[in-house]
Amino acid sequence: MTPQRIVIIGGGFSGMTAAILLAEAGHAVDLIEIDADWRSYGAGISLNGGTFRVLARLGVLDAYKEVGALTDGVEIWGPADQLLARLPTPSLQEGATGNGGVMRPVLARLLAARTHAAGVNVRLGVSFAEIDDSADAARVTFSDGTAGEYDLVIGADGLYSATRGAIFPDAPKPRYIGQAVWRAVLPTPAQVKTVTMWMGPGVKVGINAVSDTDAYLFLTEHRPTNDHVPADTHLSALKALLDKFPSPTIRQVAAELGPHSQIVYRPLEQLLLPQPWYRGRVVLIGDAVHATTPHMAAGAMIGMEDAIVLAEELGRAAIPDALAAFQSRRWDRCRIVVENSGRLAEIELGHGTHEEHQRLMGQTLGALAQPI
Ligand SMILES: Cc1cc2nc3c(=O)[nH]c(=O)nc-3n(C[C@H](O)[C@H](O)[C@H](O)COP(=O)(O)OP(=O)(O)OC[C@H]3O[C@@H](n4cnc5c(N)ncnc54)[C@H](O)[C@@H]3O)c2cc1C
């Protein structure tokens, strides 16, 4: 393998994973991140079994176990704590279960330390101004006035990717799906033993552990228009939504919510970029190309898997063949996550039955358990 000069635009979960694997494969990797403080917002994130396969590949599974949670199976309850279904989540990685959760900044810090240790040249507070792609190299001009020549540019800059805009100016825009999600952090209720979801009228609540002691609550709400929700109304609005659930567990959680609960509100958008996912020497990974709603808790996983597959294909073939092979291995798996998550949202908005919801979740978990 000839070492390549690679720049990764975006230091989220996808970009960091690509940076670590490509640097360790012997490439010269620059990672540019627009946020000078390399922050990740303070919400919990649920992790699918396949994510632990990725963390093991990065050598950070043991470190994850020190700071995050591993759980087993998903329980679906009615609004008054009636058990509706128990979905298995088989382990896909020795030493891990099929499910888990962690605070986003905790996972981001763990991966950032690993990125530095892999010898990646990390440049914070930097974006790009222009990508001039030619047959020999891509010349990238950065926002701080510097420039570099690269064999490969990887756009890992998320849902509103400027890299996507630069190479595919006519790409579809992210679509608001009519649902928003609330999240909060709380001590794990004693009744919650694994990821637990309560299905209410037009509203779904879930609780998932993020450490030995704490959990995060997520609540998806039907919201036909994407209006601004002022931060000073978040606590009362979330409590009002939880009022729809007679469940004693939810009542207890609602009573304990307060200004300390790190409440975050986010409208849900999705985007599946039609193929191709690359042009010339520029390729897109993660949310830049397949931004899913969180209904399968698999967005971070598929972005990190992209990085594994891209690194493997770059080890086997030159550009553009490696990029074509990357795209063809990733398309169907990522499409399933985005489309099935979108359908789960529609069902939650009243366009389907609980039975279809459970069946689709089970089928999708089965598909995601396949090798990548
Ligand atoms: C409400 C919500 C809940 C979710 N919950 C889950 C969940 O429970 N489980 C799960 O697996 N997934 C979940 N997801 C999806 C998951 O968050 C994303 O799929 C994942 O974060 C994508 O990672 P990424 O690295 O591709 O993109 P991002 O996380 O968006 O990272 C992009 C990075 O690029 C940087 N950047 C942006 N523009 C530039 C630029 N021009 N130059 C340089 N840097 C730039 C950003 O600062 C950021 O650091 C959820 C998504 C949402 C919206």
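P276 is found in the loop between strand β17 (264-272) and strand β18 (278-279), where strands (E, at least two residues) and helices (H or I, at least four) are DSSP runs numbered from the N terminus. The structure is a predicted model, in which local features need pLDDT of at least 70 and side-chain atom pairs count only at pLDDT 80 or more, while totals for chains, interfaces and linings use all residues. Residues are numbered from 1 along each chain as its sequence is written, and side-chain values use heavy atoms, with hydrogens and water left out.

The peptide bond that leads from Q275 to P276 is cis, with omega near 10°. A cis peptide bond also joins I319 and P320, with omega at about 15°, and P320 has its place in the loop between α8 and α9.

Helix α9 (residues 321-348) packs with helix α10 (residues 354-368) at an angle of about 165°, their axes being 10 Å apart; axes are lines fitted to C-alpha atoms, for helices over the stretch in contact, and angles run from 0 to 180 degrees between N-to-C directions. The angle therefore makes α9 roughly antiparallel to α10, given that angles over 145 degrees count as roughly antiparallel, those under 35 as roughly parallel, those from 65 to 115 as roughly perpendicular and the rest as oblique. The contact (heavy atoms within 4.5 Å) is made by R333, I336, V337, N340, R343, L344, I347 and E348 of α9 together with E356, H357, L360, M361, T364, A367 and L368 of α10.

Helix α2 (residues 49-57) and helix α8 (residues 299-316) pack at an angle of about 40°, with their axes 9 Å apart, which means that α2 is oblique to α8. On the α2 side, G50, T51, R53, V54, L55 and R57 take part, and these meet M301, M304, E305 and I308 in α8. The residues of this contact divide into 5 nonpolar, 2 polar and 3 charged, where Ala, Val, Leu, Ile, Met, Phe, Trp, Tyr, Cys and Pro count as nonpolar, Asp, Glu, Lys and Arg as charged, and the others, Gly among them, as polar.

The ligand is surrounded by 30 residues, of which S14, E33, S46, R104 and D287 are the closest, a residue being counted if one of its heavy atoms lies within 4 Å. A polar backbone atom of S46 is 2.7 Å from a nitrogen atom of the ligand, and an N or O atom in the side chain of S127 is 3.0 Å from a nitrogen atom of the ligand. A backbone N or O atom of F13, in turn, lies 3.2 Å from an oxygen atom of the ligand.

How values were computed:
A polar contact is a pair of N or O atoms within 3.5 Å; within protein, one must be able to donate a hydrogen and the other to accept it, and residues adjacent in sequence count only if both atoms are side-chain atoms.
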